[in-house]
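Please consult the sequence and the model while reading.

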Amino acid sequence: MEREPKRIREGYLVKKGSMFNTWKPMWVVLLDDGIEFYKKKIDNNPKGMIPLKGSSISSPYQDFGKRMFVFKLTTAKQQDHFFQAAYLEERDAWVRDIRKAIQCIEGGQRFSRKSTRKSIRLPETINLSALYLSMKDSDKGVKELKLEKDKKVFNHCFTGSCVIDWLVSNNAIRNRKEGLMLASSLLNEGYLQAAGDISKSAAEGLTDTPFLDLPDAYYYFADSGFFCEGNSSDDDVVLKEEFRGTVVKQGCLLKQGHRRKNWKVRKFILREDPAYLHYYDPAGGEDPLGAIHLRGCVVTAVEDIPDGKDKHTNSSVVFAVHVHI
């Protein structure tokens with residue numbers, strides 16, 4: 001009897017169309033032999049299936065301008081499929097599992113997240129994702145500051161020198177030259193972002209290294225609450241008060257519309273201090289479709305709705321945010 005494919009991971013990702021250059025949210029299911037994608041989570045029949053045997057994955061994929069957290073899957077027949085995650089850690093988790101599934105197919109092994117590899121830490125094999133999480137640690141990580149330069153104020157930011165200092169103090173590198181290489185990798189992989197003219201010029205290849213070990217080169221975490229105030233001639237945007245909070249959670253959810261009461265996939269970003277919940281079109285657009293000021297709000301679980309159509313889950317959990325005006 002033929003074995004059913006094992007489900008490894010599932011969730012919403014934004015997928016680029018094969019024929020048209022449109023990006024649409026899809027419910028994506030990673031199996032141990034391929035990837036299925038559905039128009040809706042409750043659908044029984046997938047819109048398509050991508051075999052993993054002989055495939056390769058590229059991440060990050062930065063050929064789509066401001067569209068972040070994209071990875072590319074190339075099949076054995078040289079067909080490219082592009083997926084976009086909602087945030088950095090989500091993209092890395094998908095890429096890690098897809099890459100491991102491909103390796104298991106090549107080695108004739110069953111997929112398992114338990115690793116038997118000895119934990120040997122070498123500079124050339126540093127786990128950038130784990131390092132990034134350590135750098136973001138609120139107590140022991142790189143401190144986010146308010147920095148002023150050229151009549152502009154950069155919030156939730158830090159200098160290139162601070163990054164290298166932190167890497168040295170945490171024994172992640174042997175010297176500052178090696179730190180430049182590691183920090184440049186973090187920048188190229190999208191974990192760090194350049195803020196201000198000096199660091200942006202370096203990131204665009206106008207200096208010897210993409211990352212600068214300088215006290216006036218500013219950077220920020222990709223999913224932080226960074227914003228810039230003042231007259232800016234570059235791509236920095238003066239953000240409203242509601243965007244100044246620290247991002248505490250983000251991801252895709254189904255949201256019911258106010259008028260038509262239909263349900264659509266939206267990307268949500270939850271911020272604190274001040275507390276706001278913004279929602280976006282996951283297929284594109286930097287501006288939010290709406291915002292909920294959470295001060296004074298009450299969140300309640302509406303109901304558990306059994307859904308027989310959904311083969312992926314036993315129920316759909318619905319919650320409501322009650323706004324007091």
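In which strand is H156 found? H156 is found in strand β9, residues 152-159.

## Basis of the description

This is a predicted model, in which local features need pLDDT of at least 70 and side-chain atom pairs count only at pLDDT 80 or more, while totals for chains, interfaces and linings use all residues. Residues are numbered from 1 along each chain as its sequence is written, and side-chain values use heavy atoms, with hydrogens and water left out.

## Overall composition

The chain has five helices and 18 strands; these are DSSP runs numbered from the N terminus, helices being H or I of at least four residues and strands E of at least two. Of its 325 residues, 43% count as buried, where buried means under 20% relative accessible area, exposed over 50%, and partly exposed in between, with a 1.4 Å probe and protein chains only.

Among the contacts in the chain with a separation of 6 or more, 50% are accounted for by residues 24 or more positions apart; contact means heavy atoms within 4.5 Å.

## Helix α3 against helix α4

Helix α3 (residues 160-169) and helix α4 (residues 176-188) have axes that come within 9 Å and cross at roughly 115 degrees. That makes α3 roughly perpendicular to α4. Axes are lines fitted to C-alpha atoms, for helices over the stretch in contact, and angles run from 0 to 180 degrees between N-to-C directions. Angles under 35 degrees count as roughly parallel, over 145 as roughly antiparallel, 65 to 115 as roughly perpendicular and the rest as oblique.

On the α3 side, S161, V163, I164, D165, L167 and V168 meet R176, G179, L180, L182 and A183 in α4. The residues of this contact divide into seven nonpolar, two polar and two charged. In this scheme Ala, Val, Leu, Ile, Met, Phe, Trp, Tyr, Cys and Pro count as nonpolar, Asp, Glu, Lys and Arg as charged, and the others, Gly among them, as polar.

## Helix α2 against helix α4

Helix α2 (residues 128-135) also packs with α4, at an angle of about 95 degrees and with the axes 11 Å apart. That makes α2 roughly perpendicular to α4. L128, L131 and M135 in α2 meet L182, S185 and L186 in α4. This contact comprises five nonpolar residues, one polar and no charged.

## The loop between α3 and α4

N170 is placed in the loop between α3 and α4 and counts as partly exposed, at 33% relative accessibility. Its C-alpha atom is separated by 9.9 Å from that of M135, 35 residues apart along the chain. N171 is found in the loop between α3 and α4 too, and counts as exposed at 63% relative accessibility.

## Backbone exceptions

Most residues other than glycine have a negative phi, and most peptide bonds are trans. Phi of N171 is a positive value near 60 degrees, and phi of H156 is a positive value near 55 degrees.

A cis peptide bond joins S59 and P60, with omega about 0 degrees; P60 is in the loop between β5 (56-58) and β6 (70-74). The peptide bond from D273 to P274 is cis, with omega near 0 degrees, and P274 lies in the loop between β14 (263-272) and β15 (276-280).
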